[in-house]
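Let us take a walk through a protein together, one step at a time. Have the sequence and the 3D view ready, and look for each part as we come to it.

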Amino acid sequence: MSAISDIMRRAPVIPVLTVERAEDARPLAEALVGGGLFALEVTLRTPTALDVIRAMASVEHAIVGAGTVINAPDVDAAFGAGAQFIVSPGLTAPVVERAQEIGAPILPGIATASDLMRGLDMGLDHFKFFPAEQAGGAAMLKAFSGPFAACRFCPTGGVTAALAATYLALPNVLCVGGTWIAPPELVRAGDWAEIGARAAIAAALRT
Ligand code: 3PG
């Protein structure tokens, strides 16, 4: 199992995916990996999410994570389905402790200095900054870099293709997350060519 820092460094963008039909999982993951995005966040927001994680986990080079993990049973369910990392919109002791107990890399969401300090107390220094645009955007991450110089972030929430480069230029940002690469309407339409093209553009953001 890779450390969360390694997963975050695999590509500049983690696509955030909400997938309704399990049969879309494989072609979707293949399009994203083919475009150069390897870490994929499947949100636990659909009844099929665990089946989607299971299917994507068998796609070569895909590193499949579960997102929208909001309690300890979610951590167990995601891990049981083959998720290789856990993403949470917030930072709570039950979620972080369960992930640490089972050795699952975790990227919990923070939006304030106090959230960050609780995370540091739990032995964490890599965080999702969520919801990034609404919680202060790139200026907030610049401000965090003073008191929390060792922390690294994946801003997610309101990040667009245009904003991604601004975030990625910050030294404390390892990657960004967002839905623009594979929004639900493109997944529903099965437009793997467009998703693959968006993935390739996103993968080239930091080269
Ligand atoms: C989500 O909550 O769906 C993602 O974290 C962010 O979504 P967005 O890229 O559409 O803002």
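This is a predicted model: local features need pLDDT of at least 70, side-chain atom pairs count only at pLDDT 80 or more; totals for chains, interfaces and linings use all residues.

Helices (H or I, at least four residues) and strands (E, at least two) are runs assigned by DSSP and numbered from the N terminus. Residues are numbered from 1 along each chain as its sequence is written, and side-chain values use heavy atoms, with hydrogens and water left out.

Is Asp-115 buried or exposed? Buried means under 20% relative accessible area, exposed means over 50%, and partly exposed lies in between (1.4 Å probe, protein chains only). Asp-115 has 16% relative accessibility, so it counts as buried. Leaving aside residues up to four places away in sequence, Asp-115 touches Leu-91 and Ile-110, where a contact means heavy atoms within 4.5 Å.

Ile-110 brings us to the sheet. Strands of a sheet pair through backbone hydrogen bonds, either parallel or antiparallel. Two strands are said to pair here if DSSP finds at least two bridges between them. Which order do the strands follow in this open sheet? The 8 strands run β7-β6-β5-β4-β3-β2-β1-β8, with parallel pairing. At the edges are β7 (152-155) and β8 (176-178), each of which pairs on one side only. Neighbouring strands are turned by 25 degrees against each other on average, direction ignored; for such angles, axes are lines fitted to C-alpha atoms, for helices over the stretch in contact, and angles run from 0 to 180 degrees between N-to-C directions. Helix α7 (residues 137-144) packs on this sheet, touching β5 (106-110), β6 (126-129) and β7. The direction of α7 makes about 155 degrees with that of β6.

Now follow two of the pairings. Strand β1 (residues 13-17) joins β8 in the parallel sense over 3 bridges, and Val-13 has Val-176 as its bridge partner in β8. Likewise, β4 (residues 85-88) and β5 pair in the parallel sense over 3 bridges, with Ile-106 of β5 as the bridge partner of Ile-86.

Stay with β5 for a moment. In a regular strand the side chains alternate between the two faces of the sheet. Ile-106, Pro-108 and Ile-110 point one way from β5, Leu-107 and Gly-109 point the other way, and all are buried. Because 5 of the 5 residues of β5 are buried, the strand is largely enclosed by the rest of the structure.

Next, look at the ligand. Which residues are around the ligand? They are Val-16, Arg-45, Lys-128, Phe-130, Thr-156, Gly-157, Gly-158, Gly-178 and Thr-179, counted by having a heavy atom within 4 Å of it. An N or O atom in the side chain of Arg-45 is 2.9 Å from an oxygen atom of the ligand. A polar backbone atom of Gly-158 is 2.6 Å from a ligand oxygen atom, and a polar side-chain atom of Thr-179 lies 2.5 Å from an oxygen atom of the ligand. On its own the ligand has 320 Å² of accessible area, and the protein covers 76% of this; such areas come from the Shrake-Rupley method with a 1.4 Å probe.

Most residues other than glycine have a negative phi, and most peptide bonds are trans. The bond from Phe-130 to Pro-131, however, is cis, with omega near -10 degrees. You will find Pro-131 in the loop between β6 and α7.

Two residues have a positive phi without being glycines. His-61, in the loop between α3 (49-56) and β3 (63-67), has a phi of about 75 degrees. Thr-68, in the loop between β3 and α4, has a phi of about 55 degrees. His-61 counts as exposed because its relative accessibility is 51%, whereas Thr-68, at 18%, counts as buried.

Notes. A polar contact is a pair of N or O atoms within 3.5 Å; within protein, one must be able to donate a hydrogen and the other to accept it, and residues adjacent in sequence count only if both atoms are side-chain atoms.
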